[in-house]
Amino acid sequence: MDRDERMHVNENEVILDTNELRLIEGHGRLTVRLSGSRIEAEFRNLEGPRFLTSYLRGKPAEMAPLVASRICGLCYTAHSINAAEAVEEALGITPDEGVVELRRLLYLANNLRSHMMHLLFLSLPPIKGLISVLRLREKDLVAAGTRLLSTSTQLIEYWGGRSVHVPNVVVGGFGALVRGRELMESIKKLESLRGDAKLFVEHVLEMELPELERFRTMLSLKAENYPTYAREAPLAVNDGSTITDEEYVSELEEVVREYSTSKHAYFRGSEATVGALPRIMLNRRKLKPEAREYAERIEWRINPFLMVKAQAVELMHYLEEIIETGERLSETTIVPNGFPSPGIGKKAQVNPCFSDRDGKGIAIAEAPRGTLCHVCEIEGGLIKDYRVYTPTAVNSKSIEVDSVEMVKKFRPLGSEKLKYVLEDLVRCYDPCLSCAVSLDFLSDR
Amino acid sequence: MKAAFYSLTSCEGCLTTLITNLGPNLEALWRIFDIDYFKLVREPVGGDKVPRVDIAFVEGAVVTSLDRRRISRIRENSSFIVALGTCASCGNIAYSASRSVDLTRRRLKDLEVFEAEPLSSYVNVDFELSGCPVSAEEFTEALLRLLNGIEPKQPDFSVCYECKLKGNRCLLEVGRVCLGPLAMGGCGAACTSVGAPCYSCRGPAIEADLDAYLKTIKRHGIEEGKAMSAIRAFTGKKITELLKDGQR
């Protein structure tokens with residue numbers, strides 16, 4: 001490889017190196033070293049920082065959703081919505097219930113799309129020992145997955161204004177007039193895909209996965225329903241306690257790693273895991289009926305490989321909840337600023353973005369990969385500080401600790417085989433390094 | 001024919017757009033090309049090695065030392081390079097964002113971070129397909145042209161043109177900063193159609209006229225400073241061309 005990368009080998013022995021991790025979002029690498037008698041893992045983010053959060057400083061508050069969207073090409077809807085909410089909270093704007101509901105719908109569609117992309121394209125093929133989704137022998141499975149993927153994308157495109165980076169999500173609500181009836185129609189197609197979802201979920205639930213159980217702190221939003229997007233909701237910790245969003249932010253610590261372009265986010269000075277598995281383990285009873293039935297089939301333990309199965313169960317849940325939310329919204333019309341009011345059914349008005357207020361806002365929601373937190377400070381209508389704590393930044397430490405455990409446990413496999421299982425492990429966390437790098441190593445706090 | 005799909009520093013939204021919007025047709029690409037490298041779709045043949053190909057599609061800006069090495073290897077091994085998306089063609093938001101950050105502590109253990117640049121700052125790029133994200137239809141059209149030995153072309157109209165066709169209300173007329181008249185079209189006026197102003201995410205239109213634009217916004221009572229700040233957001237390196245023409 002490259003000269004400067006070889007230089008460090010002598011310091012302590014590298015026992016495993018994945019080179020560039022394959023089939024993950026962004027560029028990363030996992031290196032395991034033997035330093036004395038201790039095994040240490042380095043989860044290295046090699047994705048370049050794009051300094052989007054620094055860019056927002058001094059910019060008008062209404063630009064936040066537009067710029068935050070560019071953080072990630074898979075969960076852009078989550079970033080846009082969180083950004084809109086953080087700004088609204090800072091400016092003291094309370095969006096109408098209809099706006100919150102439609103945002104939840106977009107969030108659900110986004111999570112469904114992202115899970116589908118992760119399971120079908122990134123996670124399943126390598127676990128089955130294949131190099132690509134195109135080599136999967138179960139053609140019906142691929143067809144079912146592709147249908148779900150494109151239908152959820154169409155839903156986002158229709159209501160978000162574009163399939164990737166949605167311009168319709170703005171501070172205060174939505175930019176375009178939203179009619180509940182049309183919304184119902186657009187969801188109908190998804191309803192016919194229940195069979196596809198079932199086929200997919202059942203396939204994933206029957207897969208054999210490695211055992212790697214280890215206790216650690218887990219976090220998930222705790223809302224009235226199964227957590228995705230809610231305006232005001234505390235976070236549940238797996239010690240039985242709940243904390244507010246402000247407490248969560250104050251418990252986060254940004255740690256610079258000399259080998260990674262992104263900082264790690266420690267919770268209470270140590271590791272925490274977020275994502276589909278903590279969500280299921282902390283909120284299983286709130287799953288929709290069919291998803292819950294699937295969830296009962298699995299013995300949920302803190303094994304990161306189970307993230308894959310948790311995501312599969314969530315697929316079913318998201319599908320069910322999208323259909324329900326759509327029905328609830330069928331009578332609602334969301335009217336943007338300056339639009340003549342159509343005057344039918346329930347109305348939700350979109351609030352204007354005030355340009356001269358000050359304040360601080362925190363928006364937390366359950367993005368596909370876990371708890372996503374945007375913090376925004378506004379002064380005189382301009383953004384003073386903007387921070388994004390992504391699930392991957394929080395999970396980075398857990399990925400490292402699990403990798404060490406994995407090496408200890410499976411060392412007899414030999415490093416060639418172990419390398420592949422380690423990559424599978426990292427992939428199960430569904431890391432997004434483009435997201436993680438929004439907490440770049442040069443950002444000051 | 002051989003093709004490859006690479007990703008440098010980006011959100012990978014361009015490749016995901018192609019993957020999701022091509023849907024079941026994605027597999028058809030393999031019937032046309034031999035594809036050894038497609039980030040997010042297959043494990044690369046030969047690990048980190050850059051394969052020799054006829055057409056390379058590259059998304060993302062050049063930010064890290066790794067990106068720099070990779071883009072020069074891609075150039076050495078590819079007959080035709082298509083820059084995929086605004087990061088690759090203009091540098092996107094990262095271009096100006098990275099210039100307002102103090103990069104003196106840029107060195108990590110084995111990686112260095114530089115000011116973001118579009119591909120064309122380092123290598124010759126044969127064709128640029130702009131957009132944040134890139135449009136799957138434009139990609140398909142460019143691909144068909146390339147396969148038939150015809151040079152692909154960029155849209156020669158502005159976002160305003162498409163916006164007018166859609167019958168949208170003009171945002172400049174209600175006093176909002178909208179870059180439609182300056183922006184390269186082809187997006188189907190996605191943002192303005194949902195009431196959001198255009199930020200020219202595809203870079204400047206071929207015949208963008210900054211002076212005329214500034215005169216127009218003045219007439220609508222829009223502050224020039226606000227518009228200039230918006231222009232600098234996505235246009236990245238291409239802003240310099242625009243400013244040179246406008247002598248600003």
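**Close-ups of a predicted two-chain model**

**View 1. Chain A, contacts and overall build.** In chain A, 73% of the contacts with a separation of 6 or more are between residues 24 or more positions apart. Keep in mind that this is a predicted model. The C-alpha trace of chain A spans about 70 × 50 × 40 Å along its principal axes, and 57% of the 445 residues of chain A count as buried.

**View 2. The parallel sheet of chain B.** Here's an open sheet of five strands in chain B, in the order S2-S1-S3-S5-S7, with parallel pairing. The edges belong to S2 (34-38) and S7 (127-129) of chain B; each has a single partner strand, so one side of each is left without a neighbour in the sheet. From one strand to the next, the twist averages 20°.

**View 3. Zooming in on S1 and S2 of chain B.** Strand S1 (residues 2-7) of chain B runs parallel to S2(B), and four bridges join the two. Look for Phe5(B): its bridge partner in S2(B) is another phenylalanine, Phe38(B).

**View 4. Helix H9 of chain B and its buried side.** H9(B) covers residues 224-234, and its buried residues include Ala227(B), Ala230(B), Ile231(B), Ala233(B) and Phe234(B). These five cover an arc of only 145° around the axis, which puts them on the same side of H9(B). Just after H9(B) comes Gly236(B), with a positive phi of about 55°.

**View 5. Where chain B touches chain A.** The contact takes 55 residues from chain A and 46 residues from chain B. On the chain B side, the elements giving two or more residues are helices H1 (13-22), H3 (65-77) and H5 (92-97), plus strands S4 (62-64) and S6 (113-117). H1(B) gives the largest share of that side, five residues. By residue type, the chain B side splits into 23 nonpolar, 14 polar and nine charged.

Technical notes
Residues are numbered from 1 along each chain as its sequence is written. Chains are lettered from A and ligands numbered from 1 in the order in which they are written. This is a predicted model: local features need pLDDT of at least 70, side-chain atom pairs count only at pLDDT 80 or more; totals for chains, interfaces and linings use all residues. A residue is buried if 20 or more other C-beta atoms lie within 10 Å of its own, exposed if 12 or fewer, and partly exposed in between; C-beta atoms are placed from the backbone. The arc is that of the directions from the helix axis to the C-beta atoms. Two residues are in contact if their C-beta atoms, placed from the backbone, lie within 7 Å. Two strands pair if DSSP finds at least two bridges between them. Axes are lines fitted to C-alpha atoms, for helices over the stretch in contact, and angles run from 0 to 180 degrees between N-to-C directions. Ala, Val, Leu, Ile, Met, Phe, Trp, Tyr, Cys and Pro count as nonpolar, Asp, Glu, Lys and Arg as charged, and the others, Gly among them, as polar.
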